[in-house]
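Visitor: I would like to learn how to read a model like this one. Could you take me through it feature by feature?

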Amino acid sequence: WRGWEGAPYSTLVPSDEVTINYKHGLPVITLTLPTRSERCRFTVKPTVTTIGAFLQDVQREDKGIERAEVFATDGSKVSDATLMEVLLMNDFKLVINNTAYSVSPPIKDKLSSEHATEMEDIKSLVHRLFVALHLEDHQIRKERELLQKLDHLKEELLPLEQMKARIMDSADAKTSRLLWVGLALMSTQGGALAWLTWWVYSWDIMEPVTYFITYGSAMAFYAYFVITKQDYIYPDAKNRQFLHYFYRKSKKHHFNVERYNKLKEDLAEAEESLRRLRQPLHLRLPIQEINDKD
């Protein structure tokens with residue numbers, strides 16, 4: 001068999017003399033150096049390494065190699081400028097001096113699960129390297145920005161919190177007074193009904209009166225439901241009355257409830273962002289720098 005330009009090959013070596021395996025996602029070409037008679041592995045980057053660069057690496061390892069070329073299976077020479085990625089798509093012949101090696105690269109689609117796992121490990125390693133080199137400084141800057149934002153929000157909220165506390169105390173006191181007034185009125189009503197029943201009139205006269213009082217109370221509870229769309233439950237009624245007094249007092253003292261709620265939402269969002277940011281940040285920062293920040 002004669003190859004490129006009719007150059008004769010004294011030996012055609014089986015394909016197992018030159019093997020190609022994938023390690024960490026990169027092809028590793030293993031062959032026997034003719035002069036040194038030892039196996040040597042060459043790891044290539046298929047997307048950037050050319051055939052010429054690979055052959056130069058082979059000749060650099062064994063100075064006794066005078067000729068190193070690559071031929072396609074049909075005998076045509078493959079250009080040295082061709083990328084190894086293209087070459088490894090099909091079978092080829094590697095000619096070193098007067099020996100031709102038949103090479104059959106593994107098909108990428110049929111790589112073992114071990115190779116696929118190694119590729120995932122490579123991707124994970126690249127991601128961790130990117131984080132270590134670029135993300136930490138960004139996180140430190142972001143943390144400082146969040147801390148400044150938190151200080152600004154707390155400074156704005158401080159006078160509003162003090163005003164809100166005073167308004168809440170006032171509204172709570174008025175609500176409590178209203179509850180005690182209601183209890184006093186009910187006690188007075190019960191006492192009056194008892195007095196009218198046993199000392200002034202009889203039960204025969206007072207029975208219709210108590211009936212209409214009960215019926216009127218039921219009408220009042222139903223009216224409460226119609227207006228508020230809620231059942232008359234004592235805790236809910238108390239909270240509703242408290243909010244009524246709170247908003248009326250807020251309007252009187254020019255307390256902006258909407259602005260206060262917006263600041264509280266921004267503060268909670270900033271604190272949550274800081275918590276999520278610090279969780280991975282503290283895993284990479286030195287202890288001294290973490291303590292300085294805290």
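Guide: We will go through the pocket, the annotated segments, a surface patch and a salt bridge. Please keep in mind that this is a predicted model, where local features need pLDDT of at least 70, side-chain atom pairs count only at pLDDT 80 or more, and totals for chains, interfaces and linings use all residues. Residues are numbered from 1 along each chain as its sequence is written, and side-chain values use heavy atoms, with hydrogens and water left out.

Visitor: How much space lies in the largest pocket?

Guide: A pocket here is an open set of points on a 1 Å grid over the protein atoms alone, where a 1.4 Å probe fits, with protein on both sides within 12 Å along at least five of seven lines; lining residues have an atom within 4 Å of a point. In this model the largest pocket holds about 740 Å³.

Visitor: Which residues lie nearest its centre?

Guide: Leu179, Gly182, Met186, Tyr232 and Tyr234 do, out of 22 lining residues. Helices are DSSP runs (H or I, at least four residues), numbered from the N terminus, and α3 (113-200), α4 (203-228) and α5 (234-252) each give two or more residues to the lining. The largest share, nine residues, comes from α3.

Visitor: Which residues does UniProt list as "transmembrane region"?

Guide: The unreviewed UniProt entry lists 178-197 and 209-227; such annotations may be inferred rather than shown by experiment. In the model, residues 178-197 are 100% helix, with end C-alpha atoms 28 Å apart. Residues 209-227 are also 100% helix, and there the end C-alpha atoms are 27 Å apart.

Visitor: Which residues form the nonpolar patch on the surface?

Guide: A nonpolar patch joins side chains within 5 Å, from residues with over 30% relative accessible area and no salt bridge. Here the members are Trp195, Trp198, Trp199, Val200, Tyr201 and Ile205, with about 780 Å² of accessible area together. Helix α3 gives the most, four residues.

Visitor: What does arginine 60 form a salt bridge with?

Guide: Side chains of opposite charge can pair when their charged atoms come close. The rule asks for a side-chain nitrogen of Lys or Arg within 4 Å of a carboxyl oxygen of Asp or Glu. Arginine 60 pairs with aspartate 57, the closest N and O atoms being 2.6 Å apart. Both lie in helix α1 (residues 51-61), three residues apart.

Conventions:
Grid points are joined across faces, edges and corners, and a volume is the space filled by probe spheres set on the points. Patches are made of residues with over 30% relative accessible area and no salt bridge: like charges are joined within 9 Å, nonpolar side chains (Val, Leu, Ile, Met, Phe, Trp, Tyr) within 5 Å. Accessible areas come from the Shrake-Rupley method with a 1.4 Å probe; for residues, only the protein chains shown count as cover.
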